Every structure is written in C-alpha cells, then in structure tokens.
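Here are a few exercises to work through with the model open. Try each task before you read its solution.

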Amino acid sequence: MFDGIKKRVVCMWFPRFASDRVLRARPINGPFAITLKSNNTERIYCLNETAERLGLTRGMSFADARAFCPDLISQPARPDLDARFLATLRRWATHYCPWVGRDGLDGLVLDVTGSTHLWGGEAEMLADIQSRAMRAGLTLRLGCAETRGAAWAYAHYGAGEEALTDLPVAALRLEDTTVTALQRLGLRSIGDLAEAARAPLARRFGPDLLLHLDQAMGHIPEPVMPESEPPSFATRISLPEPVGLTEDVMGLTARLLTPLCDKLNRYEMGARRLTLTLRRVDQGSQQVELRLAAPMRDPHRILPLFERGVEDVDAGFGIDQIRLQATQVEPLPVQQIGSAQTSPDQLNDLITRIGTRIGLDNIQRFLPADSHIPERSFAIAPAAFSTPDSAWSYLRPRPLHLFPPEPIAGYSAEPPTRFRWRRMSLTTGRAIGPERIAPEWWLPDEAWRSGVRDYWRIETREGRRLWLYHTPQNPGWFVQGEFA
C-alpha cells in the first residue's frame, strides 16, 4: 500500500576529486594536474579548474599538456589515498541519511527517502551539502531523483530543470562505444531511446542498454547498498575517583582486556598492536603502546606484557579515564588445539617481551634465499613479521660464520701451504676443493666483478677450519668464512 512517501535518491559527484584532495592540503593558484601512467605513457588523470580553462583535458598525454601549458604543476596519482578519502566522505555523508554507498571512484549515492524533512526539506538539505563541500574545498555536483540512475544522470549531465528524457544517452551510464553507435543511429537523447523499438536495440546492443534505461525510468528497481562500518576494537572506562598505583591501573586494564578479547574472538581477529591511553585529571594523557610478535586475543597472555609500560607512566594527580584500543588487527581463525601439536605461543611471548625493550624490528631471523652466491643465499627479516622456513638445503657444506672477503698471500691455483690471517700464522693441514661458483651476471655486484671463484675448505694444523677462495681471472686468495 502506498504510504505517501516517494523514494528519493541523491547522487554526489566530485568531478575534480583527485586534484581537490591534494589542493585541500597544499593550495596552488596556477594550473595543476594529477598524472597516471597508462601503457607506458603519462596521461592527465585529473586537473583543477585553472588547467581546464587553459584547454587541458583528461586523457591527454602529459608531454602534450606541458607543451600547451609550460607552467603546469603536476603530481602522480595516488588511488589508495583517493579511496581512503572517499571512505571518509562516505562516513561524513551518513550525517544526512544512514543509507550511503560508493558510486564509482569519485562519487557517493544516498537514499534520503524519509530523511529530507529533518533538514527542512529537500532543497534545504541539498543546499547544506553543497555549502559544506564548498567550505571543504571540494567541487561537487548534485543530482536528486526518484531513481538512482536518474540521480546519476542529473549529477553528471543535468544543467537546470530539464526532464530526464531531454538528457543525452550518455547519462545512462553506457560505454563510449555504445553512446557513439546510438548517436549514429539518431538516438541522441534518453527520450529518443525510450520511444525506439526495444527488440532491435536488444539484439544489437545487448540487454544492458535496456536495463540501464529501465532503471533510470523507474521500471526496474536499483537499490542503494550501504557499506558496513568496520568493527571498532576499543573499550573505555571512566573512574569516579582518580587512581595512580600501578596495581590499580593493571587491574583496570584487565577489566578492559576481557571484553576487547571477546569481541576479537567473535570476529576471529587477533591484535598485533594495542594502545592503552591513560587520561589524567589535568586533561593530559599518556599512552602505552604494545606491539605483539603474533596476533593474540588471550587476555591472560597480553596483560603481563603491559606491566613494563605502565610502570613508566607518570600518573600526576591521578588517572580518571582509561581507554584500550587494538589499533592493528589481523585474522586469527579458530584452531584445533591438541597435545600432539607444538604451540609457538611461548616463543611469540618471548619475542614480544624482548621487543618491548629493544623493539620488535631488532629481533631478526635468517631465511633462505634463492641464490647460489654465498652472500645472497640468505635474507634477514624481523622475527615478529615473518615465519620460520625449513627449506635450507645445500649440496655442499657452508661455513657457520660468513664475513666480507679478507685477502691473504697466495700465488698459485693451489691453496697456500702457509699463510697469515688476522695476525696468525697458519699451516694448511687438509684442503678440500675446489668448488667453482660463477657470478650472477644479471645483478650488479662490484664484489663479483673479478669473475668466477674457486672455493676451498681448509683445515689448519692450528685448529682453524676456514673457507678460502681463489680468483683465476685476477689471481688472488681470500678468506670469506669459518666453519665450526
């Protein structure tokens, strides 16, 4: 049954979205453009109004744009920052109605049905949106209609009070090739397309053309799908009386950890970074940041890790509010726990404890690398942000200690019988080799410019077990490693 409320949809289009985002933080009076590399060619991705008045358009090559406008200031496109800024605008748009979704890369769509009266009417609400966008330094075009397709058409191609049927066929969100083909047939407006025979159009252009037409005219519904807000993993407690003892703060932190970890468990997430904010009665605040070596959601394991940071907090005249937030989370699915499995939790807790003192990035592990060059056969990565790899395989033994090559005296291709190394006189007792290793010519490495190397395992009579190599192209002997 009709309830007397007509469906109203608002389309917000930011025609200079990328350039406006940059110019809001750093205004430029002259022509400005955002460039994007496409098919090995820098092209204009977005530009400001000054550049448009000088004749520059989107899609033209950046070299041509600089030829037309030598004073053009440019900056490379950042689609990731544009997407983040559009998400911020989407949250701001929920101020007008709860049903807000994205419309492409530079627009939003709002279902304002039943919400316009809260602003004194539809015209007043649109005027408020326009004025706020203008104060924020954003170029905005608005379209309001009973369908999403019509609202999009008015925002992109509307110039006044014209009817939907008077707008060009490009307002139906069609591809450029389809628009060109329709114009060649004499179908230039939506009204011309609506009056044409449907069967020939469907056979020639497919069902998408008539679908967009029916959605714009209201014959087929097109709902607005709002995006769900990501969960916020944060808890807070306000105290009637200030506290200042470490035991009190730790007890309150334990109370906050329980609901926070329960929420993490519901979403099968684990915290990698936690921030404990302590607000004092003098309105000052201090933060205790905890970076974990692995995703966690066990409050009994996390709570002791806060103790060192809480002890260093200056409570002043007392703390009256505590807020705990998981600022970085990662997926942590539920796993089967049994006696047959070895849990790495103890190692992760140890890495976290040491990391709170010296930093997680300073606790490192060795990982195998795909290279036959000794110096490149391994990689060093932070232990908290990598997983151990057991794929260490060598056809021949490698020294336990590897260091930069150190020259020694030697004149033939055979290992020297006696030589001095690090102020020690050594005598060769046993020599195993050679093992020839060729350089990786596709990688620039000055240390391997001398050509191939012939490696030898040398056991000295003094007890040293060294790894020596000889360079045939440029004769010389070097010590590069020591075995256990």
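**Exercise 1.** Find which residue of E7 stands opposite Val 10, and work out how E1 is paired on its two sides.

*Solution.* Start with Val 10: its opposite number in E7 is Cys 144. Strands here are DSSP runs of E, at least two residues, and helices are runs of H or I, at least four residues, both numbered from the N terminus. Next, count bridges: E1 and E7 (residues 141-145) run antiparallel and are joined by 5; strands pair if DSSP finds at least two bridges between them. Then turn to E6 (residues 107-111), which also pairs with E1 in the antiparallel sense, over 5 bridges. There, Met 12 stands opposite Leu 108.

This is a predicted model, where local features need pLDDT of at least 70, side-chain atom pairs count only at pLDDT 80 or more, and totals for chains, interfaces and linings use all residues. Residues are numbered from 1 along each chain as its sequence is written, and side-chain values use heavy atoms, leaving out hydrogens and water.

**Exercise 2.** Decide whether the faces of E1 are covered or open.

*Solution.* In a regular strand, side chains alternate between the two faces of the sheet. Val 9, Cys 11 and Trp 13 sit on one side, Val 10 and Met 12 on the other, and all are buried (under 20% relative accessible area, with exposed over 50% and partly exposed in between; 1.4 Å probe, protein chains only). So 5 of the 5 residues of E1 (residues 9-13) are buried, and the strand is largely enclosed by the rest of the structure.
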